[in-house]
Amino acid sequence: MNVAVQLLFLVLGFVMLVKGADWFVEGASKVAEKFGIPQLVIGLTIVAIGTSLPEAAVSTSAALKGSAEITIGNVVGSNIMNILLILGVTSVISPLAVQKSTIRYELPMVIGATALLAALGLTDGTVGRGDGLILLAGMVFYLLYLLRMAKKGQAVSEEREQAQDGKRDSMLKLILLILIGGVMIVWGSDITVDAATKLAKIFGMSERLIGLTIVAFGTSLPELVTSATAAIKGKADIAVGNIVGSNLFNILFVVGIAGVITPVVYQPEFRFDTSVCIATAVLLWLCVIRKQKLQRHGGAILLLGYAGYFFYLIR
């Protein structure tokens with residue numbers, strides 16, 4: 001009976017996550033367009049941060065409760081899932097064009113940030129307050145980079161906005177979409193993760209495995225839905241930018257905040273998981289560097305990579 005109740009809560013949480021992400025992204029993207037911000041920057045900032053709210057809420061809560069394996073496992077597991085599963089599924093639906101800046105700067109940033117997390121964690125077995133501040137400093141650097149990027153693309157965006165003057169939603173409606181969507185993301189994530197964790201414990205799974213699989217999947221649902229939807233609508237900048245931005249946000253901001261609030265234990269087992277996380281970013285970079293596009297066969301390679309990693313975890 002308890003299993004059936006938790007399954008019901010799991011489904012309810014997933015529905016709230018999906019709908020909340022849809023409303024949040026719709027409202028945030030349109031508000032950003034009104035201010036002349038290019039689609040790529042929208043994907044790297046607003047969409048990425050919005051869809052990463054579940055990771056931030058779950059990881060901070062887990063850190064405060066002393067569940068370090070869920071804190072790190074959630075972030076690392078989400079980042080692996082974002083690239084291998086979500087971009088894999090999205091590019092199989094529709095091949096994704098990738099911006100030069102993503103290949104030259106943002107993907108290397110993801111690789112560097114993941115390596116930094118591993119180095120900080122392995123030095124003394126914890127991600128402490130000093131480590132958290134270093135990660136947050138990296139987040140500030142990333143935001144400054146995005147600000148420069150936004151200024152570069154402003155003129156083109158303004159021309160596109162002038163051509164779309166006829167169809168505008170009211171600002172009040174867009175703000176309501178953002179607020180309601182944001183609340184649903186966080187609330188839905190809380191319900192999903194709580195139910196998933198209880199189910200996992202019923203079946204005797206470890207906290208690390210819970211964080212890397214069920215919790216990671218629950219908190220990555222917004223990325224999956226928004227990226228797949230963006231691909232179907234032909235907005236590849238948002239699809240790829242969302243994932244790259246989310247991965248950077250997860251490591252630099254989510255783990256940074258958790259570490260500043262309370263030192264987070266970095267288990268030796270995470271050495272393998274962070275190595276996989278770096279390898280997935282390198283694999284994505286290799287798939288897109290030649291043609292600046294993630295083709296369907298590249299997406300299939302990513303999906304096979306996730307299948308292999310998942311079977312390794314549950315073996």
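Cys277 counts as buried because its relative accessibility is 4%, where buried means under 20% relative accessible area, exposed over 50%, and partly exposed in between (1.4 Å probe, protein chains only). This is a predicted model, in which local features need pLDDT of at least 70 and side-chain atom pairs count only at pLDDT 80 or more, while totals for chains, interfaces and linings use all residues. Residues are numbered from 1 along each chain as its sequence is written, and side-chain values use heavy atoms, leaving out hydrogens and water.

| Residue | Relative accessibility | Class |
|---|---|---|
| Cys277 | 4% | buried |
| Cys287 | 23% | partly exposed |

Zero disulfides (cysteine sulfur pairs within 2.5 Å) turn up in the whole structure.

Now for the interior. A nonpolar core is a set of buried Ala, Val, Leu, Ile, Met, Phe, Trp, Tyr and Cys residues joined through side-chain atoms within 4.5 Å. The largest one has 58 residues, and Ile72, Ile80 and Leu284 are among those with the most contacts inside it. Helix α9 gives this core its largest share, 11 residues; helices here are DSSP runs (H or I, at least four residues), numbered from the N terminus. Not counting residues up to four places away in sequence, Ile80 is in contact (heavy atoms within 4.5 Å) with residues including Cys277, Tyr306 and Tyr309.

After α8 comes Gly234, with a positive phi near 80°.

Technical notes: Helices (H or I, at least four residues) and strands (E, at least two) are DSSP runs, numbered from the N terminus.
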